[in-house]
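Please walk through this protein by following contacts between its side chains. The text begins with charged groups and then turns to rings and the surface.

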Amino acid sequence: MKLLGQFNYYAVCVPIYKNQLIFEVRSQYIAQPLEISFPGGKIEEGEMPYEAAVRELREEIGVDVVRKLFDIEPIVTPFNSVIFSYAVEVDISKLKINNFEVLETFLVPIEHFSKPYKTANVDVILSPNEDFPYELIPGGRNYPWKRGTYEVMFYKWEDYIIWGITARIAHRTWEIVSNKL
């Protein structure tokens, strides 16, 4: 699925092992170092989103999908990214962490994501560049640009803080799983 406009496309696996979500701490060698995430990354040219998610799962933590459980709705971020997520059942007996990308992994019970520890809002504001042709739009520099709000969720687990898009995906996974029980 492509969206109208210029976007970067990413795919994520939400690995589930015995009713627990597997998270990774990103290594210091990659973008967003030391943050908590699910295995995932950029969709390569000619690759379907699910294929990319499974490839990243294998590359990062060395496990295979036992079975695909369900798709999670794509997230379109305020910073031009589209993220496709897939809940998959995995067997962690053959876990093999790629230490260049992943510092460590840990498990959290799915039910932990029923309610965030905290939420906060971020204002999304359109701010045209200085060379924006205001003379071509009604109201010029006084045009009533719309504003938005982006909710950010936070979860605490032991010494870890799971937040942002990862927290949103974990929470949505819990919603889907809890409705299927």
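**A network of charges**

Glu44, Glu47, Arg55, Glu56 and Glu59 are joined in a network of salt bridges, a salt bridge being a side-chain nitrogen of Lys or Arg within 4 Å of a carboxyl oxygen of Asp or Glu. The model is predicted, so local features need pLDDT of at least 70 and side-chain atom pairs count only at pLDDT 80 or more, while totals for chains, interfaces and linings use all residues. Residues are numbered from 1 along each chain as its sequence is written, and side-chain values use heavy atoms, with hydrogens and water left out.

The structure holds 10 salt bridges. One of them joins glutamate 44 to arginine 55, with the closest N and O atoms 3.6 Å apart. Because glutamate 44 lies in the loop between S4 and H1 while arginine 55 lies in helix H1, this pair ties together parts that are 11 residues apart in sequence. Helices (H or I, at least four residues) and strands (E, at least two) are DSSP runs, numbered from the N terminus.

Arginine 55 also meets glutamate 56 in a salt bridge, at 3.0 Å from N to O, and glutamate 59 in another, at 3.2 Å. Arginine 55 and glutamate 59 are both in helix H1, four residues apart, which is about one turn of the helix.

Arginine 55 has a relative accessible area of 15%, so it is buried. Glutamate 56, at 8%, is buried, and glutamate 47, at 15%, is buried too. Glutamate 44 is partly exposed because its relative accessibility is 47%, and glutamate 59 is partly exposed at 36%.

Glutamate 47 is placed in the loop between strand S4 (40-42) and helix H1 (49-61). A polar atom of the side chain of glutamate 47 lies 2.9 Å from the backbone nitrogen of glutamate 44.

**Rings**

Rings of Phe, Tyr and Trp (its six-membered ring) pair if their centres lie within 6.5 Å; planes under 30 degrees apart count as stacked, over 60 as edge-to-face and the rest as tilted. By this rule there are 13 aromatic pairs. In one of them, phenylalanine 23 and phenylalanine 106 have ring centres 5.6 Å apart and planes at 20 degrees, so the pair is stacked. Phenylalanine 23 is in strand S2 (residues 20-26) and phenylalanine 106 in strand S7 (residues 102-109), so the pair ties together parts that are 83 residues apart in sequence. Both of these phenylalanines are buried. They belong to one aromatic cluster made up of Phe23, Phe38, Phe106, Phe113, Tyr155 and Tyr160.

Charges can also sit over rings: NZ of Lys or CZ of Arg must be within 6 Å of the ring centre and within 35 degrees of the ring normal. The charged end of lysine 68 sits over the ring of tyrosine 50, 4.6 Å from its centre. Arginine 168 lies over the face of tyrosine 150, at 5.0 Å from the ring centre.

**Two loops**

Tyrosine 143 is in the loop between strand S8 (118-125) and strand S9 (147-157). Its relative accessibility is 34%, so tyrosine 143 counts as partly exposed.

Lysine 18 is in the loop between strand S1 (8-17) and S2. With 64% relative accessibility, lysine 18 counts as exposed. From C-alpha to C-alpha, lysine 18 and isoleucine 92 are 10.0 Å apart in space, and they are 74 residues apart in sequence.

Methods. Buried < 20%, exposed > 50% of the residue type's maximum accessible area, 1.4 Å probe, protein only. Polar contact = N/O pair within 3.5 Å; in protein donor to acceptor, adjacent residues only side chain to side chain.
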